[in-house]
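Let's take a walk through this structure together, one piece at a time. Keep the 3D view open as you read.

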Amino acid sequence: MELQARMKQWLAKRGIQYLFLLFSAALGVAVAVVSVWADGATGSDKKDWAFIAGISAFGVVLITHFEKRLVEKGKERAEDRAIRAEADMTQLYSTRLRPLSDTLKELTELYATAAPLPSSVPSQTASDLRQRRKEILDQVLAGAVTLTAPPVGPSFIPRARCSFYLYDATTGGFTLEGTFPGYRTPRTTIDPTGAAHMKNEILGGGGKTFRIDGIQVDHSYLVPAGTGYKAVIAVPVIHGTKEIGILSVDAPSYSDFIDHHVPLMESLANILAASYALG
């Protein structure tokens with residue numbers, strides 16, 4: 001029964017293509033045979049054979065066209081299914097990850113308030129904290145790229161780029177703390193104009209997510225011309241009242257990001273904020 005089911009499934013997917021191939025081969029042979037016969041014919045018989053050869057050749061072209069359209073439609077259906085699957089996965093992560101990240105952030109803040117680190121932390125402990133925080137940051141950056149605009153064939157090079165800028169409340173500036181992937185890196189430092197934009201429109205006032213979607217917002221300092229990126233989702237990373245920085249993901253096309261990517265990025269920012277709460 002299982003073998004029959006697999007055979008039926010295979011015939012449903014490949015049967016029409018092989019049928020077209022059989023017809024095309026038969027008509028191709030017919031063209032060759034009729035052409036030979038037409039060579040030896042004379043008068044009206046030659047015209048008849050030539051007409052039949054022409055009809056057969058037209059049939060080959062027509063079947064080839066239909067076969068090509070069938071393949072193109074198959075590719076379109078596969079792409080549509082992939083897009084829907086990606087959107088469903090993103091929605092799932094957004095709805096499941098957001099409550100969990102909110103709870104984790106609140107729990108970490110509560111613990112940090114109740115049992116703060118001493119003012120003088122042993123160097124080994126401080127080093128361990130930095131290492132663990134770096135590991136979390138790397139996973140957040142890579143996760144944002146994979147879950148928003150994942151790589152596609154044939155090269156499977158990541159299309160998105162995620163970066164984290166650390167905020168210095170003393171100077172009011174931002175510096176690049178980490179980015180993924182490692183090539184086509186963004187600015188390592190932000191000039192005063194950009195810093196004011198990031199501080200006022202994203203990080204300040206308790207934080208507000210900023211998005212370049214090509215509709216309400218179509219350009220920003222965050223994506224300079226010529227970088228190959230258009231879409232942006234930039235979310236604030238805040239622990240309590242402490243402004244830590246900005247997590248930003250860029251993509252080549254506005255359509256790469258959907259609405260569910262916004263709470264997803266906010267969830268990742270919450271996880272990042274929790275990692276900074278203890279030190």
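Starting at the N terminus, the elements of the protein chain come in the order α-α-α-β-β-α-β-β-β-α. That makes five helices and five strands. Bear in mind that what you're looking at is a predicted model. The chain has 279 residues, and 32% of them count as buried. If you take the contacts between residues at least 6 apart in sequence, 62% join residues at least 24 apart.

Let's go to the strands. An open sheet is built from five of them, in the order β2-β1-β5-β4-β3, and the pairing is antiparallel. The edges belong to β2 and β3 (210–212), and each has a single partner strand, so one side of each has no neighbour in the sheet. From one strand to the next, the twist averages 20 degrees.

Now look at how one end of that sheet is put together. Strand β1 covers residues 161–168 and strand β2 covers residues 173–180; the two run antiparallel and are joined by seven bridges. As a general point, strands of a sheet pair through backbone hydrogen bonds, either parallel or antiparallel. To trace the pairing here, find L166, whose bridge partner in β2 is T175. Another one to find is C162, which has F180 as its bridge partner in β2. Together β1 and β2 make a hairpin with four residues between them, and in the turn G172 has a positive phi of about 75 degrees.

Follow the chain on from F180 and you meet a cis peptide bond, which joins F180 to P181 with an omega of about -5 degrees. P181 itself sits in the loop between β2 and α4 (192–203).

What packs on the sheet? Helix α5 does, touching β1, β2, β3, β4 (231–239) and β5 (242–251). The direction of α5 makes about 35 degrees with that of β4. This helix takes in residues 261–276, 16 residues in total, and its first and last C-alpha atoms are 23 Å apart, close to the 22 Å expected at 1.5 Å a residue. Of those 16 residues, 14 are buried, so α5 is largely enclosed by the rest of the structure.

Helix α2 (residues 43–114) is where you'll find S101. Is S101 buried or exposed? Its relative accessible area is 1%, so S101 is buried. Leaving out residues up to four places away in sequence, S101 touches S267, N270 and I271.

Next up is helix α3, which covers residues 123–148 and has T148 in it. The 26 residues of α3 should span 38 Å at 1.5 Å a residue, and because its end C-alpha atoms are 37 Å apart, the two values agree. Several residues of α3 are buried, among them R133, L137, V140 and L141. T148 has 0% relative accessibility, so it counts as buried too. A polar atom of the T148 side chain lies 2.5 Å from the backbone oxygen of A144. On helices in general, there are 3.6 residues a turn, so residues three or four places apart point the same way.

With the pieces in place, we can look at what is packed inside. In soluble globular proteins, nonpolar side chains tend to be buried together. Here, the largest nonpolar core has 28 residues, and the ones with the most contacts inside it are C162, F164, V237, L247 and M265. At least two residues of this core come from each of α3, β1, β4, β5 and α5. The largest share is the eight residues supplied by α5. There is also a second, separate core of 18 residues, which includes F174, I190, M198 and Y221.

F164 counts as buried because its relative accessibility is 0%. How far apart in space are F164 and L137? From C-alpha to C-alpha they are 8.2 Å apart, while 27 residues apart in sequence.

Key. Residues numbered from 1 in each chain as written. Predicted model: local features only at pLDDT ≥ 70, side-chain atom pairs only at ≥ 80, totals over all residues. Heavy atoms only, no water. Pairing = 2+ DSSP bridges. Expected span 1.5 Å × (residues − 1). Buried < 20%, exposed > 50% of the residue type's maximum accessible area, 1.4 Å probe, protein only. Polar contact = N/O pair within 3.5 Å; in protein donor to acceptor, adjacent residues only side chain to side chain. Axes fitted to C-alpha atoms, helices over the stretch in contact; angles between N-to-C directions. Contact = heavy atoms within 4.5 Å. Core = buried A, V, L, I, M, F, W, Y, C linked by side-chain atoms within 4.5 Å.
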